[in-house]
Amino acid sequence: MLESVWLLFALPALGALIILFAGRWMSQKVVGWVASAAVLGAFLVAVSLWFSLAGLPAEARSVTVTWWEWMTIGAFRVPAAVLIDPLSVIMALVVTGVGFLIHVYSIGYMEHEPRYQRFFFYMNFFILAMLTLVMSNNFLGMFVGWEGVGLASFLLIGFWFDKRDDMYGWYADAGKKAFIVNRIGDFGMILAMIMVWSTVGTLIFTELGAAVHNLAPATATIICLLLLLGATGKSAQIPLYIWLPDAMAGPTPVSALIHAATMVTAGVYMIIRTNALWHLSLDAGLTTAWIGMVTALLAASIALVQTDLKKILAYSTISQLGFMIAAAGLGAYGAALFHLVTHAFFKALLFLAAGSVMHATDGILDINRLGGLRHKMPTTYRTFLIGAAALAGIPLFSGFFSKDAILVIELQRNVALYLIGAVAALLTAIYSFRAVFVTFHGQPRDQHIYDHAHESPSVMTIPLWILAVLSVAAGVINLPFVLTLDHWLEPVIGEHEQIPLVLELLGITLSIVIAVFGVLIARARYLTHEPWVARLEQPFAFLKPTLEHRWYVDDLYAFFIVSPLKGVSGWFARVFDPKVIDGAVNGVGGVINGTGEVVRKVQNGAIPTYALSILLGVVAVLFYFLFVG
Amino acid sequence: MALSIPYLLTIIIFLPLLGAAVVMFAPGDRTKKWLALATTLVTFAVSLLLWTNWQQGEAGMQFVEDAVWFAPLGIRYALGVDGISLFLVLLTTLLMPIAVYFSILYVDKRIGPYMALMLLLETAMIGVFLALDLVLFFVFFEASLIPMYFLIGEWGGQNRVYAAVKFFLYTFAGSALMVVAILIVYFSTGTFDIVALQSTPMPVAVQTWAFLAFSLAFAVKTPLFPFHTWLPDAHVQAPTAGSIILAGVLLKMGTYGFLRLAMPIFPQAAQQFGPLLATLAIVGILYGALVALMQKDLKALVAYSSVAHLGYVMLGVIAMNAQGVSGSVLQMVNHGLSTGALFLLVGLLYERRHTRMLDDFGGLWASVPVYTGLFLVVAMSSAGLPGLNGFVGEFAIMLGAYNYMPIFAVLAAAGVILAAWYLLTAFRKMAQGEITNPANDKQHLKDLNLKELVMVVPLVILFFVIGLFPNLFFDKINPSVEAMLETRTVLLQQGAAAQMPSLELAEIVVTEAK
């Protein structure tokens with residue numbers, strides 16, 4: 001059964017190729033269903049892989065299928081091979097499962113899009129690349145997927161490449177920014193891979209564990225920090241998160257699939273996958289945890305004041321990814337993956353529901369122009385509410401368990417991290433219910449929009465319901481004390497560390513309090529407008545402009561990096577190259593021969609003779625030397 | 001496995017020359033054009049015999065031919081091909097039909113001499129890669145200069161004469177130094193045999209001077225920073241086919257020269273100057289990329305990107321370890337394919353719009369999707385996207401560079417960021433955004449037709465083949481590279497053991513001359 005893993009790749013590849021070459025003769029519906037069927041097929045393959053793997057004894061649940069020797073130079077050897085193990089199968093299930101639902105949703109959402117072939121081609125290509133990323137058994141293969149999803153992301157963010165508006169500027173620029181910022185992360189990835197091979201001698205994940213023992217801790221730290229740079233690019237963490245908010249220029253299904261559920265979790269996956277290296281460097285792990293938590297707080301604070309629904313969700317994604325990255329940095333791989341999975345469900349749900357709103361309001365997502373939509377769009381409202389509840393960590397929803405798992409670990413390891421996490425969790429609850437209340441409750445703020453709003457077709461709402469069910473129920477895969485997922489992952493990440501019962505209970509209690517308190521604040525502030533919230537808000541009012549300017553991070557980049565680089569290259573191109581370098585050489589030429597003279601002769605038509613005579617001269621000199629010598 | 005086909009290399013080298021003669025005397029432009037194309041196609045087909053009859057795993061020269069040319073000095077007509085030169089020959093024979101076919105479609109002026117020069121160029125280029133005798137190498141090296149000079153000077157753009165002269169003078173200055181170097185080598189060792197020289201020890205002083213002279217000649221050709229300024233001019237002015245060949249093949253004569261001659265024959269000098277050359281290569285990578293970022297002319301942009309790309313190739317060559325060198329050999333081919341394809345696409349656009357200025361375009365993705373899609377694939381190949389060809393070579397080179405001196409790998413990896421930046425900036429300006437100029441819209445701008453696709457698609461297929469199955473190539477490259485590195489190590493050890501007295505160059509020349 002495990003041998004059929006090639007189908008996992010062949011199906012989306014086939015879908016993409018069919019659409020690429022035959023799509024022009026197919027209607028939007030046909031193209032959409034072909035693409036969806038390809039991903040559904042891949043999902044079924046993933047399910048069968050999961051069953052096959054579960055049928056094996058725990059210690060045998062790591063199967064490598066090698067296709068061919070990819071690259072061999074001397075001792076450097078990298079196969080084209082996939083690794084089927086508990087981690088990769090979970091990732092494949094999420095990617096193809098959520099991917100399939102979003103493909104189906106897109107059939108409705110992209111109904112009026114004239115370039116629908118491109119859209120579904122890119123989507124299938126993305127699934128293929130993402131599967132390559134999570135299934136490869138070595139760094140370099142993973143990197144193929146890593147860059148492949150980056151390309152898909154670039155193509156889909158800039159899908160409306162000829163469009164611009166006030167929020168995003170040219171959409172194409174947003175795609176370009178995403179790709180280039182990610183390349184900074186790739187710089188770290190490339191160097192990390194080079195260092196791993198040069199010091200450990202292999203790039204194959206399953207061989208890392210046995211080979212890393214003689215790695216010096218300092219080297220391990222450098223490698224892990226380089227990997228971290230890669231992760232901050234793909235998973236949108238400080239300092240490279242700045243591309244993700246702009247990435248919302250892409251069609252909403254893309255935001256759901258790539259920029260919430262799957263691609264952006266690649267950094268988290270990568271850290272879990274390379275845990276053998278991270279075991280060697282507590283420093284790197286702690287750095288990672290701090291970066292994750294600070295990002296979580298920073299992004300949550302920005303989400304609080306955003307007025308565009310998708311931007312709120314984008315900063316929320318950055319924030320939640322921060323939680324996952326922090327968990328991975330602390331070595332809590334089970335908790336990180338748990339949150340990755342539940343987040344994939346509820347954030348995809350939130351984006352798709354937001355897309356449903358957009359579908360109804362002709363693209364308007366400014367929450368200050370919405371309001372009261374729950375009457376017009378009951379399904380969208382209910383599913384969005386479920387997603388928001390999961391995001392806010394309302395008890396018994398999936399997000400509650402997974403976020404709590406991370407917070408408890410932090411409580412155990414590092415109280416400072418826990419406090420940051422607790423504040424971020426509070427802000428999360430506030431901003432998610434702000435979105436719910438302002439969008440769906442209260443009075444319509446723009447009557448025209450409200451009048452035209454309508455519920456989306458069932459091809460869109462059915463995926464919403466399925467994701468809603470998953471967002472509610474996905475907590476069962478790793479309930480506290482039961483820890484099914486942690487046990488399932490043991491072949492990859494080792495034994496789960498026991499957490500004292502007292503801490504566990506304390507953590508759960510605090511999580512409940514934080515979530516409920518957050519929702520109450522949001523309700524008082526945005527729905528019932530109670531005066532005590534204003535008083536509570538007073539001391540923080542001075543932060544508002546800073547938050548609205550997103551902590552000025554984009555401006556800092558522009559000022560300290562982009563402008564100087566552009567200035568330097570402009571000077572190189574306009575002055576240094578033509579004047580200094582070229583001038584110097586021309587000057588030398590002038591001294592020897594008089595370039596001007598030459599050029600004049602050339603223009604008289606004498607140059608062929610001139611050139612030939614030089615050549616003849618050379619030959620003559622050569623032979624002269626040869627004979628005389 | 002029919003191993004040796006007699007005179008196969010000679011046939012490959014001189015078929016185009018024969019074709020050139022026939023083309024000159026053939027009646028009618030149409031006949032000339034198709035005869036030229038037929039010649040390059042036949043040459044390509046014949047050159048494929050090298051691949052099919054390759055002795056797998058063999059490190060040394062294959063299909064060797066050896067005849068005395070000028071007995072008193074031991075100058076020989078010696079040809080051979082190994083894993084290092086094989087793919088450069090195939091690259092040449094593959095790009096030629098494409099360049100010629102492009103010219104058939106778009107060149108009308110004085111087609112007879114044009115095609116003859118193209119074919120002459122092919123002979124010279126293949127000769128460079130196959131020559132095993134220094135004098136023979138030099139003859140072919142120089143011979144390649146003349147046709148390219150005329151192609152730029154006669155069939156080029158507005159400022160063609162300036163560019164042609166500049167191209168000529170630059171490379172010619174390099175060649176003059178090479179003559180000197182060849183003579184130094186000969187007087188020091190008494191042989192022109194390139195293979196034998198690789199295991200012939202030479203005094204360090206001789207090595208130093210000869211290495212510097214060779215290096216300068218090859219550095220101009222490559223071009224290595226700061227000897228690169230002829231390249232943008234030459235490219236911008238050259239006709240499209242000339243640019244394809246110039247970037248695709250001609251520049252590799254420089255890096256090939258480093259790899260075949262300068263580095264292995266003068267190992268001690270090479271070791272001594274390695275860090276300097278590597279620094280120049282790195283500067284080329286970063287500087288070329290930054291300058292490319294600011295270019296407004298698409299062709300100039302691609303030209304500067306070549307400076308950056310060839311910097312990678314040089315870096316791998318200088319690293320002189322298996323990963324670096326094998327990566328470089330493959331990267332030479334990769335650059336030839338990617339940049340050849342880029343120039344081809346730019347040429348196709350130019351023939352439609354008669355401009356190459358980025359600001360004149362915008363929104364092409366809406367009007368010519370096939371063209372734009374292919375352009376993106378080519379740009380990604382050039383930017384080193386994994387899964388395509390460029391990445392395999394670049395990664396191997398950076399691996400080699402790291403094990404040479406880590407700092408070079410760090411800086412080279414920074415170049416990867418910039419490559420994406422300038423290519424996507426070009427793509428953004430050209431293909432994305434709105435159509436502002438009616439000349440770019442669907443009614444006025446035609447997408448690629450079948451004839452044009454025939455030229456582009458084979459290259460794109462090769463991107464994927466090399467990117468996904470690089471071992472098809474490394475299998476043949478690695479043994480030769482490893483053998484060369486071993487010979488070099490032995491030579492270095494001998495040199496270190498012998499501790500040769502460092503003679504003054506003049507002394508050696510004088511004593512040898514007597």
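**A cis proline and its setting**

A: Pro239(A) sits in the loop between α8 (217-234) and α9 (243-246) of chain A. Helices here are DSSP runs of H or I with at least four residues, strands are runs of E with at least two, and both are numbered from the N terminus. The peptide bond from Ile238(A) to Pro239(A) is cis, and its omega is near 10°.

This is a predicted model, in which local features need pLDDT of at least 70 and side-chain atom pairs count only at pLDDT 80 or more, while totals for chains, interfaces and linings use all residues. Residues are numbered from 1 along each chain as its sequence is written, and chains are lettered from A and ligands numbered from 1 in the order in which they are written.

Chain B also has a cis peptide bond, joining Phe225(B) and Pro226(B), with omega about 0°. Pro226(B) is in the loop between α9 (204-221) and α10 (230-237) of chain B.

Trp551(A) is in the loop between α24 (544-548) and α25 (553-593). Its phi is near 55°, a positive value in a residue other than glycine. Tyr552(A) lies in the loop between α24 and α25 of chain A. Tyr552(A) is not a glycine, yet its phi is positive, at about 60°. Exposure is counted from C-beta atoms placed from the backbone: a residue is buried with 20 or more others within 10 Å of its own, exposed with 12 or fewer, and partly exposed in between. Trp551(A) has 16 C-beta neighbours inside 10 Å, so it counts as partly exposed. Tyr552(A) has 12 other C-beta atoms within 10 Å and is therefore exposed.

Now the chain around these loops. Chain A holds 27 helices and 4 strands. Its radius of gyration is 28 Å, close to the 25 Å that the globule rule gives for 629 residues, so chain A is as compact as a globular protein of that length. The radius is taken over C-alpha atoms, and the rule is 2.2 Å times the number of residues to the power 0.38. The C-alpha trace of chain A spans about 100 × 60 × 55 Å along its principal axes. Buried residues are 57% of the 629 in chain A. Two residues are in contact if their C-beta atoms, placed from the backbone, lie within 7 Å. Among contacts in chain A with a separation of 6 or more, 81% link residues 24 or more positions apart.

Next, the strands. β1 (residues 63-73) and β2 (residues 76-84) of chain A run antiparallel, joined by 9 bridges. Strands pair if DSSP finds at least two bridges between them. Val63(A) has Ile84(A) as its bridge partner in β2(A). Met71(A) has Val78(A) as its bridge partner there. The two strands form a hairpin with 2 residues between them, and Gly74(A) in the turn has a positive phi of about 60°. In β2(A), 7 of the 9 residues are buried, so the strand is largely enclosed by the rest of the structure.

Then the partner chain. The contact takes 54 residues from chain A and 59 residues from chain B. On the side of chain B that touches chain A, α7(B) gives the most, with 11 residues. That side has 42 nonpolar, 13 polar and 4 charged residues. Here Ala, Val, Leu, Ile, Met, Phe, Trp, Tyr, Cys and Pro count as nonpolar, Asp, Glu, Lys and Arg as charged, and the others, Gly among them, as polar.

Last, the core. A nonpolar core is a set of buried Ala, Val, Leu, Ile, Met, Phe, Trp, Tyr and Cys residues joined through C-beta atoms within 7 Å. The largest has 457 residues, of which Ala348(A) and Leu315(B) touch the most other members. Helix α15 (residues 333-360) of chain A gives the most to this core, with 19 residues. Beyond its neighbours within four places in sequence, Leu315(B) is in contact with residues including Ala278(B), Ile397(B) and Phe408(B).
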